[in-house]
Amino acid sequence: MSRWMRKRGLIAADNPKSAAADTYRRLKTGIEWSVRDEGMKTIAIASAEPGEGKSTTSSNIAVAYAKAGRRVLLLDTDLRKPAQHQIFELPNDTGLSTALAGRGGLDQVARRTAYANLQVVCAGPTPSNPSELLDSDAMSALLEAAKERFDIVIVDTTSIAAASDAMIVADKCDGAVLVIRRGKTKLDAVQKAKDTLSSGRVRVVGAVFNRRGR
Ligand SMILES: Nc1ncnc2c1ncn2[C@@H]1O[C@H](COP(=O)(O)OP(=O)(O)OP(=O)(O)O)[C@@H](O)[C@H]1O
Ligand SMILES: [Mg+2]
């Protein structure tokens, strides 16, 4: 297991018998019911503020799905502060930003990982126009292509407070999960984030209370 994985906490993969891994498996099961009942395939992992645990939660859910034998794509749409290439120790010279700029399709940018069934599209080099790239037909087409090839697509996003990117992306997804950092994120910020998400077409399928605040 790599140093980064330990450092960034790929808990489900690191220690499958831990309580944390069990939590991620249960979270996966909860999402799965929505996925199965309503045909949802693309799930945005969102949060009100930066640092609440979106990227950690995304990678852990993705690993939990892959370990359950599902074909999973993890898509890093945080083009401003990407994390998945670090978590999975993958090169970030190509990824979502290059695909959306017309340099390569899904097959060219999806990378295999140490986990069977799990592929990751890293964010790619930070572009000058992240919102514009995400708010494009190319982004919708990439998500459609991903839905055809994978059982589930987990979408890591920018925090809602940081930019409009998260809403742009979530609105192209079937469902959204709101990550809330317990004891730190203020209730009104959570409510606002939920209202913002709910004002779009995406269905908020659940919330995750992540780690204790300090
Ligand atoms: N449950 C947890 N227990 C311990 N550490 C955690 C947990 N969840 C996240 N962290 C740590 O908190 C930091 C922020 O987490 P993460 O990068 O997942 O948040 P984020 O919401 O994606 O942040 P950003 O808004 O910057 O993208 C990271 O260093 C991560 O390792
Ligand atoms: Mg993140």
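This is a predicted model: local features need pLDDT of at least 70, side-chain atom pairs count only at pLDDT 80 or more; totals for chains, interfaces and linings use all residues.

Mentor: Residues are numbered from 1 along each chain as its sequence is written, and side-chain values use heavy atoms, with hydrogens and water left out.

Trainee: Why is T185 called buried?

Mentor: Buried means under 20% relative accessible area, exposed over 50%, and partly exposed in between (1.4 Å probe, protein chains only). T185 has 12% relative accessibility, so T185 counts as buried.

Trainee: What makes the pairing of T185 with E52 a polar contact?

Mentor: The term requires a pair of N or O atoms within 3.5 Å; within protein, one must be able to donate a hydrogen and the other to accept it, and residues adjacent in sequence count only if both atoms are side-chain atoms. The side chains of T185 and E52 make such a contact at 2.4 Å.

Trainee: Why is A141 called partly exposed?

Mentor: The relative accessibility of A141 is 45%, so A141 counts as partly exposed. A141 belongs to helix α9 (residues 137–149); helices are DSSP runs of H or I, at least four residues, and strands are runs of E, at least two, numbered from the N terminus.

Trainee: Why is α4 described as largely enclosed by the rest of the structure?

Mentor: Of the 14 residues of α4, 12 are buried, so the description applies. Among them are K54, I61 and Y65.

Notes. Chains are lettered from A and ligands numbered from 1 in the order in which they are written.
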